[in-house]
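Trainee: I'm new to this one and would like a close look at a single part. Could you pick out the place where two of the chains meet and walk me through it, with a few side stops?

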Amino acid sequence: MNTPRVKEILSWYGSDNPGTLTNLARLLNHGKLGGTGRLVILPVDQGFEHGPARSFAVNPPGYDPRYHFELAIEAGCNAYAAPLGFIEAAARDFAGDLPLILKINNHDVLCDEKDPMPALTSGVRDALRLGCAAIGFTIYPGSSEWAKMYGQLRETSELAKQNGLAVVVWSYPRGSALSKQGETAMDVCGYAAHIAAELGAHIIKVKLPTAHLEQEAARKVYEKEKVPISTLAERVQHVVQCTFNGRRIVIFSGGPTNNDEAVYEEVTAIRKGGGFGSIIGRNSFQRKKDQALRFLGKIISIYGN
Amino acid sequence: MNTPRVKEILSWYGSDNPGTLTNLARLLNHGKLGGTGRLVILPVDQGFEHGPARSFAVNPPGYDPRYHFELAIEAGCNAYAAPLGFIEAAARDFAGDLPLILKINNHDVLCDEKDPMPALTSGVRDALRLGCAAIGFTIYPGSSEWAKMYGQLRETSELAKQNGLAVVVWSYPRGSALSKQGETAMDVCGYAAHIAAELGAHIIKVKLPTAHLEQEAARKVYEKEKVPISTLAERVQHVVQCTFNGRRIVIFSGGPTNNDEAVYEEVTAIRKGGGFGSIIGRNSFQRKKDQALRFLGKIISIYGN
Amino acid sequence: MNTPRVKEILSWYGSDNPGTLTNLARLLNHGKLGGTGRLVILPVDQGFEHGPARSFAVNPPGYDPRYHFELAIEAGCNAYAAPLGFIEAAARDFAGDLPLILKINNHDVLCDEKDPMPALTSGVRDALRLGCAAIGFTIYPGSSEWAKMYGQLRETSELAKQNGLAVVVWSYPRGSALSKQGETAMDVCGYAAHIAAELGAHIIKVKLPTAHLEQEAARKVYEKEKVPISTLAERVQHVVQCTFNGRRIVIFSGGPTNNDEAVYEEVTAIRKGGGFGSIIGRNSFQRKKDQALRFLGKIISIYGN
Amino acid sequence: MNTPRVKEILSWYGSDNPGTLTNLARLLNHGKLGGTGRLVILPVDQGFEHGPARSFAVNPPGYDPRYHFELAIEAGCNAYAAPLGFIEAAARDFAGDLPLILKINNHDVLCDEKDPMPALTSGVRDALRLGCAAIGFTIYPGSSEWAKMYGQLRETSELAKQNGLAVVVWSYPRGSALSKQGETAMDVCGYAAHIAAELGAHIIKVKLPTAHLEQEAARKVYEKEKVPISTLAERVQHVVQCTFNGRRIVIFSGGPTNNDEAVYEEVTAIRKGGGFGSIIGRNSFQRKKDQALRFLGKIISIYGN
Amino acid sequence: MNTPRVKEILSWYGSDNPGTLTNLARLLNHGKLGGTGRLVILPVDQGFEHGPARSFAVNPPGYDPRYHFELAIEAGCNAYAAPLGFIEAAARDFAGDLPLILKINNHDVLCDEKDPMPALTSGVRDALRLGCAAIGFTIYPGSSEWAKMYGQLRETSELAKQNGLAVVVWSYPRGSALSKQGETAMDVCGYAAHIAAELGAHIIKVKLPTAHLEQEAARKVYEKEKVPISTLAERVQHVVQCTFNGRRIVIFSGGPTNNDEAVYEEVTAIRKGGGFGSIIGRNSFQRKKDQALRFLGKIISIYGN
């Protein structure tokens, strides 16, 4: 039976059908954080996004798609997210063992554009036949291709919701209109999170924001209204505010940090700021499995306290 | 039962099915202005269009999607308009409490083009499953992307009309072919309103025009025919004329004005010029709720007199 | 019962179904010229194409969509053509009173390109639900967007013919590949008319051609074969020849001429050259109604003699 | 009953359904060359492609669509090919009198691009309702738009084959990547013919090649392997070889040649080289009918011997 | 009955339906290598990709589509792959004689772009009606058109899998973002193979990689992690690793090498590195048939040992 906290979270999604709520509940109830309303998700799309050797050479068992299922299960993650091939290659072996998120669009770096536009690489029907609980979709707010991406997300998520799937949106600001620093600026990150929420995402994934403010019109407001954004916890809290004042699940990635203590501090700040959890890829699978389990175990224990 | 005025307005829409008339009647009969043929609508898409902090930091309860439903209901507005996420997040809680307009395309300012082209962010099937009375669609006449937008509106509104929904068109001239001043010029505004009417809109929303005339060929006609456009009421009257001589509902937004008295004067001019009402976003939700209720109450009372 | 002339004209359309023939017959049998095989059609899309004030300020009753239905009916025109909004706004009031042509694509001048591409603004299903006899479609041969337009016409007219509608094509050469003078050149106009016929149009509308020859390869042939094109009647006759040697209905617009006598002379030339009639917009609705009725009456009487 | 030669030809199309074989047999069995395995086809799309006066002014009866049906029938051609309008205008009058090929894409010269892309102007459903035996489709290998054209051909010919129609492909190399001379170069022509065959064409139409070799990589092979291409008959034979070693029907056009004896020599060479026939437009309809009948009669008699 | 090795290979495809497994088994069980888990496939799309004379002049029987079926059958290949025309022209004659792979997209060199984008030239329904076991699809990672290609592959392979076909992906890095040398660089080749696997390919075909490293970010990892790539066998092994650690079938082409001994050494290295086989076109059909049979026999015997 759902815990009061899970019931509360599900109550925010009053426009979704019981099928989608069931899949949201699967995500919230699985793993060591099941029932707490917190999530730690293992995503493995770096093979596609950065190349296989850059992703797995440091820990070669990661070349095998089964490795990541096992890692997510053993660590007690809430879910595992990956592109079509990595899911197809092991979904039957681990059917029912943990909730899956099919990452349905992807981008590689063999042709790396200033204004990125991902390719659709799988779809809702694939997610259904593979037993997934959700689809995952990346948007790049700030790219000149933004409208095409939002339109694809709209079409796909309408179909997903009709079929009782949950929709997880990776919202990563990028593009020629933004400075490099602006990609993780507080105003831009909050805006990107809000857009994902407005587009109907059930779960939103953003990068941890810095205190930088990118857009002049936004900077004026932050300063005038004295929006507190000096600590990481405050910035997380502001992102939570930007996603319907806490009524949407928003989770965070930490980027390529390699210092474990720094990650734990980030996680502590996410927890303190009211964030719902973490999605941790490279830091998990780019080390030996026993170390990864310890690392994920520590993160989960921070959230679980 | 419909008032004579509402019956008269509905009689202008002789090509629509009873389903659409029913939804138009819902919009006309709800709230404090119900039955008068006037409308005051609360739109909240600024989170998407300008960013969440720029929209809600000044009055933080506005981050919560429920706030705006409550504001619109308590103020006695005719309807509430918002993008998918903001509607989905509270539609069940307020089901039947007031007519909803689902804003199905949107534009953000993370990549702000000279010739804007909004993204489709939801659709007719969403409006139906969420219990909305109408869809809302923005066109930017003057943008080089105009033909694509009109074509999308055509496809969407055909479907909306088949399904008994009303169609509200935001017609905002913008693009590299227009000067900044030209965006609110009298000739351009009247033209944009007429285009929306020709495209089959039931309700048309434009900005209040200035006395500026942008296009040379138009200027000659205004001067030769001595079209009266020196007062705001005259300009409103001309917009009403441009929308089938008063046989289409046309409402006005006032832009970012912050002086309440100025807004009341504008509303008085709209009323005097035969405009059907106002759509007031930022001026409503960017202040404390009690002040907003007083402010909207005053506007409604001007129209209701 | 159809007159022998109407029977003869219908016999040219042997590949069309009885539904389309019925609608062609409606167009040919309505109004004062009914049964003669000649047509005078009132088109009112200038509000969309040039703006409302430029179209209607000189005769303000024209802002009201009902005005044009009344004008076309009282003048005894064969049909009335307009975009979606203008038809929707009065089709129920005048249902069955005269044949309607729904103009399903349009172009405005807020963003006026060198190579125009109109927007689809309504469609075959709209024409059917509104009781129209035909759809109207503009192509701009010579525009770099030509192939897209022809393709849209092909798709739409296939659907129209399946559903028993007639197809009227406005064929207006324009685009960066043509000189301004070339837009009404004899060779270009004859070519544009032929293209419309090859694309399957039942009724073709072109501008009256001048004696100018635009394309070098064509000029050589006109001169070598001594094609007679010095008088307007000869040029009309050549356009008729270019549309399947007289086996397609081709009608003419006169452009912005304001001198009535000049228009009567043009009409006399059209009649003498074997043209099937006129489509007269601005000259009709940009004057007081009693004057317009006299003006149209005179034109109709020239054709009717 | 099919002759042994027709049976042999049909045996090459083992992947087609009996419907398509029936229509191929109709093309092979009609007219004076019926049963010989040779074809002479009358195509009349020059009105669309070059303009009506350039096409028909020299022999004005050609403006009438019925003229070409009569010419093809009286001359004993195997088939008549034309765009939608020209077929629609007479298909009922001549229903069953000769096999028709509906030319479903076309290009005009009012906007003549370096990299041509034709417009779709009709389709398979038109061909079926008009009683045609085949569709005709032009590709321009070498144009930067090549992939779009091949894709359109693929979609259309899949539908045609499902519905029992034959597919005739005009393969005309053109585009900014080719020199003018290269458009009829031996290597380019053979390549273009092969591409059409690989795309699934039943009948392929190319221009007669010259001995010029356009592409460096090809020139080396022709020279090293001593491919005989010095006479026209050898070049025809090589084109036949390039279309599955003679297991596809390939026919030739002669271009704008006006010297009849030269045409007869070309036809003799086509016959000697194993070509399957000719498609002769301008040389047929751009002269008086009795002369055209004599001219076509002579060509047919060369093939028939 | 399937050998243990074939059973093992099929077990990697747990997300596919029995129809697709059946067709994979057909590919693995046919020919002299049937049951070994190794494949030698004959592909003949060079006529389309390079032109017919460049492909077949050196061995003219190759112009005939039946030749290649016979060659593949007599040599004991596992399968034969070709575009639509070459399959259609002989599929009935050899129905059931060997598994066919329909190559559904193609590229020619009459217009050779820096960033290639192939045309769709056939589809899943063609593959089904022609009795094929699989579709073949080329992607060019690194081309600016990459996202469009991946999207087309996604749509096509979803349909193929639904219909029980196998999906073979040719993954050839090319495009303006890559150096010529980079097209076969180790990092790029491994990345391209991984992308194909992530896109859901059952069988992946890549070129043999060199020891060159193209992308700086990748080079650092290869060097830091000391990934062994100095011998060809090591590089093959790394490609196998990049395709789900050996749980996807990956085969290799050798390019235009003409020295037979060099090819045998390559094949030996592929076998040693754990590659699943070879796809050998030009080296097979560009020599007399008896020599080709000896050549293919030698290769097959190396794999079979």
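Mentor: Let's settle one word before we start: two residues are in contact, or touch, when they have heavy atoms within 4.5 Å. Keep in mind, too, that this is a predicted model.

The part to look at is the meeting of chain A and chain E. Chain A brings 44 residues to the contact, and chain E brings 41. Put together, the two chains bury about 3,400 Å² between them, and 59% of that is on carbon and sulfur atoms. On the chain A side, the residues that lose the most area to chain E are A:Phe48, A:Tyr63 and A:Leu110, which together make up 21% of what that side buries.

Now for the polar side of things. There are 15 residue pairs in polar contact between chain A and chain E, with both residues at pLDDT 80 or more. The count of salt bridges between these two chains is three. One of them joins A:Arg125 to E:Glu158, with the closest N and O atoms 3.3 Å apart.

Which pieces of chain A do the touching? Helices H3 (46-50), H4 (52-56), H5 (65-75), H6 (84-88) and H7 (124-129), along with strand S5 (119-120), each supply at least two residues of the side of chain A that touches chain E. H6(A) gives the most, with five residues. Sort that side of chain A by residue type and you get 23 nonpolar, nine polar and 12 charged.

Other pairs of chains stay apart. Chain A and chain C do not touch, and their nearest C-alpha atoms are 19 Å apart. No contact joins chain B and chain D either, with their closest C-alpha atoms 19 Å apart.

For a side stop, hop over to chain C and find C:Pro65, which sits in helix H5 (residues 65-75) of that chain. Is C:Pro65 buried or exposed? With a relative accessible area of 0%, C:Pro65 counts as buried, because the cut-off for buried is under 20%. Leaving out residues up to four places away in sequence, C:Pro65 touches C:Tyr80, C:Phe86, C:Ala89 and B:Phe244.

Last, back in chain A, look at A:Lys226, in the loop between helix H10 (216-224) and helix H11 (232-242). Phi of A:Lys226 is near 55°, a positive value in a residue other than glycine. At 66% relative accessibility, A:Lys226 counts as exposed. In chain D, phi of D:Asn245 is also near 55°, and D:Asn245 counts as partly exposed at 35% relative accessibility.

Methods: Residues are numbered from 1 along each chain as its sequence is written. Chains are lettered from A and ligands numbered from 1 in the order in which they are written. This is a predicted model: local features need pLDDT of at least 70, side-chain atom pairs count only at pLDDT 80 or more; totals for chains, interfaces and linings use all residues. Side-chain values use heavy atoms; hydrogens and water are left out. Buried area is the accessible area (1.4 Å probe) that two parts lose on being put together, summed over both. A salt bridge is a side-chain nitrogen of Lys or Arg within 4 Å of a carboxyl oxygen of Asp or Glu. A polar contact is a pair of N or O atoms within 3.5 Å; within protein, one must be able to donate a hydrogen and the other to accept it, and residues adjacent in sequence count only if both atoms are side-chain atoms. Helices (H or I, at least four residues) and strands (E, at least two) are DSSP runs, numbered from the N terminus. Ala, Val, Leu, Ile, Met, Phe, Trp, Tyr, Cys and Pro count as nonpolar, Asp, Glu, Lys and Arg as charged, and the others, Gly among them, as polar. Buried means under 20% relative accessible area, exposed over 50%, partly exposed in between (1.4 Å probe, protein chains only).
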